[in-house]
Amino acid sequence: MRTSPASRVGDAAGPRSGRRPATRARTHPRSWFLGAIFVAAATVGARAGDPVSASDLNTERLAFATALRDFRGGDEAALAVLSASADRMAGLGRADARGIVDFYRGIAPDARRAGLAAEKRYEALRVEVSAAAGRDRADWPGQRERLRGELQTLADAQRTAADPTPAARALALLAVLDEQRARTDPALDAEERNAMLARATSDARRALDVFGRASLVTPTLEPTWLLARVDDARGNVVAARDGFADCLELAELVANEDYRIRALRGLITVAESTGDLAEQRDLLRELSAIREPKDDWWLARRWAALLLAEDEPEAALDFLPKIRPTSAQDANAWHFLCGSALQRLGRVGEAEEHFAQVRLVAEHASGPSCAEIEARIWRAQAALERGDAAGALDIALPLDASGCTPTARAQCAYTIGAAHLAQGEPERATQALRSALAEGRVIEDRLARADDGAVFGEIVGLETVALLAQALTQQGRALEAVSTVEEVQSRALRGRDDLAITPDDVRAWAGEYERGLLTWIVGANTTVCAHVAPDGSAVAVAIPLGRERLHEAVRRVRESAIAGDEVRAHALAAEIAERVVPESLRTRVAGAGRLLVLAHGPLERMPFELWDLAEDGPMAVLPGLASARPGV
């Protein structure tokens, strides 16, 4: 049975179960120092997680920081107090405190005082950065360059000093400024953005190296988080996920709530970009244990969007009135979400009222806005869902979304493509749907993705890929449809945006197996199943089956199998197989020999050994093509 958003959030705010989502399985630390910290933390046990121990640690941490500042300022007698505090910190799970004492004890008094003075200068500059960024945005570019120059001067002066930690702090903040500008400055071209990201990466890594030599743990949060942001901007999903997971683990180790929130938000945006609804749900629950959705529009908006993505419009409409925001920009998104929920329930008239409210808000907003264009895209999608493809095109084709967000551009192209496909125009549909995919592929789009999330959900959802595969199939280009599907899904699997899978690659893989290759693309509402025979001939079939329904069906199979109810598990598995492998494809995969199965989306969790297709011969099940060609 489904839970309401209120009960989900309520559960999340209760005691933590200790379960971690799949994203937390890190493959590597960001540096040797972080790796050592995580290993040391694992040996401490659960003591630091105990409420009493956590309170003791916070108290001791303040005492340690005070003694350290006194010692750096020239009070030699503070060393004894500092050392005793470091021993107590080690007993509370923070053995790194002893390394900090050893580092500063090895520095001459004058150098310690100089380092403290430089750190105070850094702290003053950081306050200026925070204050300037929150004021008049027109003045910010000039102020940013001045502050950047002063931070760079400080970093250069302290880099070779006996105490280089102020240089590391300045480098970390410089990296943040560069990354923020790369994401937000429309005047930058792709080459300039890439150069800025490269500089941010270099500064962040140098900061981590210095913090490591000084055994400073908490300051590593900022550059660790920043490197994950850069990986995300570059489209490196795997590295971004690992980086945010590192940041989250580190933030929990040092009990830093701010970076716990930042890391969880990063993990959530990564899960959104890969379309993993189960992962999004787990992470949103974890974030809701820290923040109340009613007090955090970023979080509340994603809860509502997730409910819509999971096809729960009634639950979304129950939730949305409780989180109505006050700002004009956020009110636009709220109306979009309400309109979308009503649209999915078939209450088109009420949906149109919300889209009209978006336009009214836009009329009173300061500065240029794309809200009206986005509202018209929604209206076109509403017409499409009513079966009025011609009406959808009448609304969407005249729109110029070039100056709007990548999300709006992608959704406009998707709507046009879906409408052409519904009208029996696969060639025009292919052109528009490829345009939608391109919007989500270039690095500028990932850089431009706002931290407050996309109104439309996934920038380029798998539904777009499914419809494109359907359009290509209708033109007799089924092999090209398979290569397109596998290229998109291999990029997500391997965390790279530069992968290319050609029809010849697919043909080569199919030729390695006696029964060929069987694969799927599972969109929000459409699934396409395709088979490529060993001779390279391909057939694909579109199925009106969405991701969430298939996810629930697979879940029931797994639960039955785990419970030991083999009869029910086989029966449920047979139902799924009959639905997702149409009869026209079953005849193609029948016979002896091996079959390569590429399991995507909900089917990744499917126990394929329960399918009758396994009775004819062994099935090699992979989550995607391991390489462009077999054996490469």
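The backbone oxygen of Pro 623 lies 3.2 Å from a polar atom in the side chain of His 600. I begin with that pair, in what is a predicted model, where local features need pLDDT of at least 70, side-chain atom pairs count only at pLDDT 80 or more, and totals for chains, interfaces and linings use all residues. Residues are numbered from 1 along each chain as its sequence is written, and side-chain values use heavy atoms, with hydrogens and water left out.

Where is His 600 found? It sits in the loop between strand S4 (595-598) and strand S5 (619-622); strands here are DSSP runs of E of at least two residues, and helices are runs of H or I of at least four, numbered from the N terminus. Because its relative accessibility is 2%, His 600 counts as buried, a term that means under 20% relative accessible area with a 1.4 Å probe, protein chains only. Its side chain also makes a polar contact with the side chain of Thr 519, at 3.5 Å; such a contact is a pair of N or O atoms within 3.5 Å, and within protein one must be able to donate a hydrogen and the other to accept it, while residues adjacent in sequence count only if both atoms are side-chain atoms.

Let us turn to helix H13. This helix, residues 277-288, reaches 16 Å from its first C-alpha to its last, close to the 16 Å expected at 1.5 Å a residue; the expected span is 1.5 Å times one less than the number of residues. Eleven of the twelve residues of H13 are buried, among them Leu 277, Arg 281 and Ser 288.

Definitions and conventions:
Buried means under 20% relative accessible area, exposed over 50%, partly exposed in between (1.4 Å probe, protein chains only).
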